[in-house]
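Trainee: I would like to go through this model with you before I use it. Could we begin with the strands and how they pair?

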Amino acid sequence: MNNTGTIRYLLLTAALGGLLFGCGGRVYRDGAPDGYPDLSHTPDAVPRVEPYSRSNMRSYRVLGRTYQPMKSAQGFVQQGIASWYGRKFHGNKTANGERYDMYAMTAAHRRLPLPSYVQVRNLENGRTAVVRVNDRGPFHENRIIDLSYAAASKLGMLGKGTALVEIRAIDPRHPQQIADTPPKPPAHAPRIFIQVGAFGDPGNARRLARRLSQQLQRDIHINAADSPRGRIHRVQIGPLASVEIADQVVSSLEKLQIHETQVLLR
């Protein structure tokens, strides 16, 4: 498993139980199935109307943070970084009570109701996959979805371990609205930014930007935009050249006691 998937599972199972340990409490390393099979032609998950699991509608707490699942996935769209998880957890229970199957088109998300169906588009190569969300995670701050091995293979992200993606919820009553949209190459490679704060007072935004510019030695921008609450000034770091650099920046921010960050793609 890539490091994000490992963090996702360790935190989730520490909170909900069911962590698998080896001798002496050592956690086995995750990875791809034997032979690293190409599953890029695996059929998409077929959306169907299913009742949401009531037990997974309750709020839950992981590593000091509380997550409140959404009551509906309708209209949900999100952009960010995806990761994947593989054979280490093959056959283990998901948050939905089912068994994780790394060969099936499934995924984990922190807040979407379970089960949900989403189309995931790799913004770096234009590939798409429809997956059924039946698990919770990832709890790595920089990731928005954890994909099965099969889904990651279809999206062409196994080698890197991560991808810049867009998630769109599918209404199972009208799946053709999204699922039949043909994939197309992205117009340009997305750029990664880290948002570290949003302020009504522009002075507060400037002070934070100056502080971070000195401490991180990186480009800091203040983007102002109107909102229902008035003019908001957003402090953002970037553009960043890779997911690895974004992870390093977030780690540095954590050391500066800045924990509420958001990955933006544009």
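**Strand pairing, cores and confidence**

Mentor: In this predicted model, strand 9 (residues 192-199) pairs with strand 12 in the antiparallel sense, over four bridges.

Trainee: Which residue of strand 12 stands opposite Ile194?

Mentor: Val263 in strand 12 stands opposite Ile194.

Trainee: What is the strand order of the open sheet?

Mentor: The order is 10-11-9-12, an open sheet of four strands with antiparallel pairing. Strand 10 (220-227) and strand 12 (262-265) are the edge strands, each pairing on one side only. From one strand to the next, the twist averages 40°.

Trainee: And which strands does helix 4 touch?

Mentor: Helix 4 (residues 202-216) packs on the sheet and touches strand 9, strand 10 and strand 11 (230-240). The direction of helix 4 makes about 15° with that of strand 11. Helix 5 (residues 243-255) also packs on the sheet, touching strand 9 and strand 11. The direction of helix 5 makes about 30° with that of strand 9.

Trainee: Changing topic: how many residues are in the largest nonpolar core?

Mentor: The largest nonpolar core has 40 residues, and Val118, Ile145 and Leu147 have the most contacts inside it. Among the elements that each supply at least two residues of this core are strand 3 (77-84), strand 5 (116-122) and strand 8 (163-169). Helix 2 gives the most, with five residues.

Trainee: What does Leu147 contact, leaving aside its neighbours within four places in sequence?

Mentor: Its contacts include Ala82, Trp84, Val120, Val131, Ala152, Leu155 and Met157. There is also a second, separate core of 23 residues, which includes Leu164, Ile194, Ala205 and Leu240.

Trainee: Now His140. Where is it?

Mentor: His140 is in the loop between strand 6 (128-135) and strand 7 (143-147).

Trainee: Is it buried or exposed, and why?

Mentor: His140 counts as buried because its relative accessibility is 14%, and the cut-off for buried is under 20%.

Trainee: Which backbone atom lies 3.0 Å from a polar atom of its side chain?

Mentor: That is the backbone nitrogen of Asn142.

Trainee: Last topic: what is the mean pLDDT of the chain?

Mentor: The mean pLDDT of the protein chain is 87, and 86% of its residues reach 70 or more.

Trainee: Where does pLDDT stay under 50?

Mentor: Over residues 3-28, for which the model has 49 contacts beyond four places in sequence. Where pLDDT is low, the predicted coordinates should not be read in detail.

Note on methods:
Residues are numbered from 1 along each chain as its sequence is written. This is a predicted model: local features need pLDDT of at least 70, side-chain atom pairs count only at pLDDT 80 or more; totals for chains, interfaces and linings use all residues. Side-chain values use heavy atoms; hydrogens and water are left out. Buried means under 20% relative accessible area, exposed over 50%, partly exposed in between (1.4 Å probe, protein chains only). A polar contact is a pair of N or O atoms within 3.5 Å; within protein, one must be able to donate a hydrogen and the other to accept it, and residues adjacent in sequence count only if both atoms are side-chain atoms. pLDDT is the predictor's confidence in each residue, from 0 to 100. Contact means heavy atoms within 4.5 Å. A nonpolar core is a set of buried Ala, Val, Leu, Ile, Met, Phe, Trp, Tyr and Cys residues joined through side-chain atoms within 4.5 Å. Two strands pair if DSSP finds at least two bridges between them. Axes are lines fitted to C-alpha atoms, for helices over the stretch in contact, and angles run from 0 to 180 degrees between N-to-C directions.
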